[in-house]
Amino acid sequence: MGGLAMEEMPLSALFEEARKIHLGASESRADQDVVKKGCEMLQKCEDMVGKLGLFSSNETKEDISTNNLKYLLVPFYLAELTEKIKQEDRIPIVKASYAKLKEFFSFCEAMELVPEEELEASSRGGSAPPADRRALKIARFKRQKAAEAKLLEIKERKERRWRSKRASALSTPVESGEEDIPDDDSEEERDAWLATINLAICKAIDLLEMLKREEEMLSAIKEKQLKDGEDVFSRDALDDRTKKAETWHKDAAARVQYSRPAQPITCATFAQDVLEGRASVSQGHEHKHQPLIFGPASIVNGSLSTERERMIAQVFQPSHRMPTMSIEDAGLTEMNIMNDWQEQTKKPLKKRKEEDEEDEDEDEEAVMKARAFDDWKDDNPRGAGNKKLTPCG
């Protein structure tokens with residue numbers, strides 16, 4: 001650490017030291033003091049990133065500079081190191097690691113780094129069929145292997161370039177394939193960090209599923225112990241609830257800087273479809289009628305001009321489906337629909353009646369013409385007018 005205290009170190013040096021600790025803890029069993037020290041460093045990095053304002057919710061990965069890309073990994077490294085801390089009560093560790101992984105996933109989603117199929121699976125939760133979950137895991141495994149292969153390729157390319165430069169400096173023959181290697185460190189470094197982030201996303205999704213199952217199991221064991229009388233509701237339980245509420249508010253405040261708030265759902269039918277899994281919040285929905293407004297939403301009268309007013313309007317809203325029109329409006333709407341239907345039905349009936357009358361007139365005229373021709377043929381037999389013109393006539 002160069003003799004510098006943690007508070008005196010710049011962000012880049014602090015991140016590299018924490019990254020080395022994370023790498024050592026991932027490859028082997030690390031000392032608990034070292035793991036906790038790495039967590040402190042990463043927390044310090046997180047605070048410095050927030051104070052410097054390196055990321056914004058309206059940015060994507062193309063807008064982030066190459067030097068700042070690596071700091072997207074701070075919550076992921078912190079989550080993995082936190083998960084390796086050993087203590088008697090495992091549940092707080094699992095919850096803290098899970099919260100940091102969700103924060104990392106939200107960062108990557110805001111920066112458009114998460115694949116579309118992973119976002120759809122995250123929105124569905126665990127309601128996907130087994131075949132879809134299996135296909136998703138296979139695709140995730142392929143992405144993970146592709147990212148690892150990309151990092152290995154970049155590492156080998158750097159080593160070849162370093163050997164080529166060293167050989168040139170020593171004026172020794174260069175091996176085949178090592179001459180004229182382009183020096184594209186900046187683009188190569190960006191590709192390396194993007195591949196590292198993609199690899200971290202794959203690992204984070206798998207770790208989220210594992211931590212969720214572990215928390216459910218630990219909670220079930222703790223609940224069983226409470227029922228069996230091995231533990232009682234005491235001041236410790238109240239403290240745990242307080243810490244849980246404080247952690248939730250802190251994580252929510254951190255996530256809101258990078259997440260994009262969803263637009264409020266104003267159609268009751270579409271809201272019910274979202275709750276029952278028939279539609280997604282991200283899907284657009286056009287609706288003509290607005291639901292009835294209750295609570296603080298009636299104060300702003302539907303004109304949500306600021307984020308604060310939008311959040312206020314979502315408080316104290318009823319949980320059940322709300323009507324989009326009154327009974328009188330529904331009756332008038334149905335009456336207008338019936339009137340339109342009758343008007344549309346009258347036109348083809350009237351046209352068909354006129355065509356039938358024209359057909360009847362034409363048929364009667366044709367019958368009279370045929371009868372007159374038959375009478376003429378009776379009065380004028382065939383060849384009757386030509387008898388005097390014959391030679392023997």
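**Close-up views of aromatic and charged contacts**

**View 1. The aromatic pair of Phe 76 and Tyr 77.** Phe 76 and Tyr 77 are both buried in this predicted model. A search of the whole structure finds 6 aromatic pairs, and the one formed by Phe 76 and Tyr 77 is tilted, with 6.0 Å from centre to centre and 50° between the planes. These two residues belong to one aromatic cluster, which also includes Phe 15, Tyr 71, Phe 104 and Trp 193.

View 2. Among the 15 salt bridges found in a search of the whole structure is the one in which the side chains of Arg 143 and Glu 117 meet at 3.2 Å, N to O; Arg 143 lies in helix α7 (residues 130-169) and Glu 117 in helix α6 (residues 116-124), 26 residues apart. Arg 143 also meets the side chain of Glu 118 in a salt bridge of 2.6 Å, N to O, and because Glu 118 lies in helix α6 and Arg 143 in helix α7, this pair ties together parts that are 25 residues apart in sequence. Glu 118 is buried at 4% relative accessibility, whereas Glu 117 is partly exposed, with a relative accessible area of 35%, and Arg 143 is partly exposed at 22%.

**View 3. The salt bridge between Arg 157 and Glu 188.** The side chains of Arg 157 and Glu 188 meet at 3.2 Å, N to O; Arg 157 lies in helix α7 and Glu 188 in helix α8 (residues 185-227), so the pair ties together parts that are 31 residues apart in sequence. Arg 157 counts as partly exposed at 21% relative accessibility, whereas Glu 188, at 1%, counts as buried.

Terms used: Residues are numbered from 1 along each chain as its sequence is written. This is a predicted model: local features need pLDDT of at least 70, side-chain atom pairs count only at pLDDT 80 or more; totals for chains, interfaces and linings use all residues. Side-chain values use heavy atoms; hydrogens and water are left out. Rings of Phe, Tyr and Trp (its six-membered ring) pair if their centres lie within 6.5 Å; planes under 30 degrees apart count as stacked, over 60 as edge-to-face and the rest as tilted. Buried means under 20% relative accessible area, exposed over 50%, partly exposed in between (1.4 Å probe, protein chains only). A salt bridge is a side-chain nitrogen of Lys or Arg within 4 Å of a carboxyl oxygen of Asp or Glu. Helices (H or I, at least four residues) and strands (E, at least two) are DSSP runs, numbered from the N terminus.
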